[in-house]
Amino acid sequence: MLLHREIPPTAGLPLHWQDLLSFDTRPSLADYLAKQLDIPDPLLTCSGTAAFMVALRALHRKAPSRHVVVIPAYTCPLVPIAVRQLGLSLRLCDLLPGHFDLDPKALAAACREDTLAIVPTHLAGLVADVTTALSIARNAGAFVIEDAAQALGAEQDGRSVGLQGDAGFFSLAAGKGLSTYEGGILIARDNAIRKAMAYEATEMLPCNWRMELLRCMQLLGLAICYRPSLLTLAYGLPLRRSLRRGDPIAAIGDHFPMQVPLHSVSRWRQAVGARAAARWPDFLAHRRLLAQQRIERLRRIHGLQVFDERPGSTASWPYFLLLMPDEAKRDAALGQLWQSGLGVSRIFVHALPDYDYLADCIPRTATPRARDFAARTLTISNSPWLEDADFEHICATLDRVLRT
C-alpha cells in the first residue's frame, strides 16, 4: 500500500484551513508570542538561522575586535554555516559525558579574548545549562546566545528560555511546534540589544518576493500534508529512499545549502502564524501532559537513558531524547523502528567535524564525547497522533533490543 499512517518525528501544531484565509496581522504573531511567553518585543525573522545571524551581527558591532563563536560540537549544521556566512570564526566545544550540555572545562579553555559569543543549545525542548555558560562568558568578556530553535515554550524558573543570555532565538520551521514553514523569533532581555538587533534585521532581511512566494507555497503544502494520512508522501517515502541508499544525512535532512536565505516574511505567512498561535498554548499544555505519562514508561526500560527536565525547568517536549548504551544497540533499535512510520528518528547524524560537506568551515577539533553522543542517541515523537498501542510497541522493541 503506497499510503499508510505516518507519524512525524516531532510534535508540530497542525494548521487549519481557516488559518490560511486570514490576511489580518492584528494581533500580530509577535504580539501573540509576547503575551503567551511573557517576552519583550520579539522580532520575527525568515528562519531561526536568520535570527541567529541577526543576533551575531548586532553583538559583533558592539565588540568588533571579537570574532570567534563557541558552539557545541553536536548541534545543527546550520549553526556553523551561519557563522561562516557572516565571516566569523568557529571554535567547537565538547560535551559533558552522555549529555548535550557543554563541558565546563572545555568551554573555559575555548573562551579567550577573541571570543564573541557562546551558544548553548536547548536540545529536544529541554533546557540547557545556560548559567555555567554565562559565568564563563562574563569572565572572558563574551556574550551568550541561546539556541532555543527546538524549545519554543520551554522555561527556566518560570521564565521563557532565551532570556538568561544576551539573546535567544526560536525556530518556526516545519514540525517545530508552531510553524510558518520557515520562520524565526529573536528575543533579548536588554532593550539596547533589542534595538540593535531590530536595526540589523532591517539591513539584513530585505524583501525577496521570489523566495517568499516559494515559502508561501511550502506553507500551503505543509497545511495540506501535515497529517498522518499524507505524511508518507512528504516525509515517509523520501526517508525510506534515503535509507535504502545508505544516506542517513539525507534521511534526516542534515544536508543544508552553504548560503542561508535572508529575507523578510510576507504579511500572509505572518497572519497564518498568528491564527495558529491562538491554539498553540493548549497544544503545548497537551504535549506536556502526554510527555509526563509516556516518560514514566520509558524510564522502566532497563539500560535506556531518558533525558528529563532539569530542576526548575519546564520542557516543551517536541520529542523524547534517548541514549542507548552503545552504537550497536542504537542501530539495532533504529533498524526495527526508523522506517516503521511511528515517529522514531535521530536528531543530527554526526558530531560537526564528521560532516564531509562542512570540512571547509569546521575546525578539525577532537570532540570524542560529541561523537559518542551522536552515535548513541535516538528520538521518539511526542505527537498526539502516536497512539498508546504504537508507543507501547516502540517501548517493547527497545526493551527487547536492550535485553538481547
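The structure is a predicted model, in which local features need pLDDT of at least 70 and side-chain atom pairs count only at pLDDT 80 or more, while totals for chains, interfaces and linings use all residues. Residues are numbered from 1 along each chain as its sequence is written, and side-chain values use heavy atoms, with hydrogens and water left out.

The structure holds 0 disulfides (pairs of cysteine sulfur atoms within 2.5 Å). For Cys111, the nearest cysteine sulfur is that of Cys93, 7.6 Å away, and for Cys216 it is that of Cys207, at 11 Å. Cys216 likewise counts as buried, because its relative accessibility is 16%.

UniProt, in an unreviewed entry, places the feature "active site" at Lys176; such annotations may be inferred rather than shown by experiment. Lys176 lies in the loop between strands S8 (167–171) and S9 (184–187), strands being DSSP runs (E) of at least two residues and helices runs (H or I) of at least four, numbered from the N terminus. Lys176 counts as partly exposed because its relative accessibility is 30%. Leaving aside neighbours within four places in sequence, Lys176 is in contact (heavy atoms within 4.5 Å) with Ala149, Gln150 and Ser171.

In helix H12 (residues 327–337), the residues Lys329, Arg330, Ala333, Leu334 and Leu337 are buried. The face of H12 turned away from this buried side carries the exposed residues Ala328 and Gly335.

How values were computed:
Buried means under 20% relative accessible area, exposed over 50%, partly exposed in between (1.4 Å probe, protein chains only).
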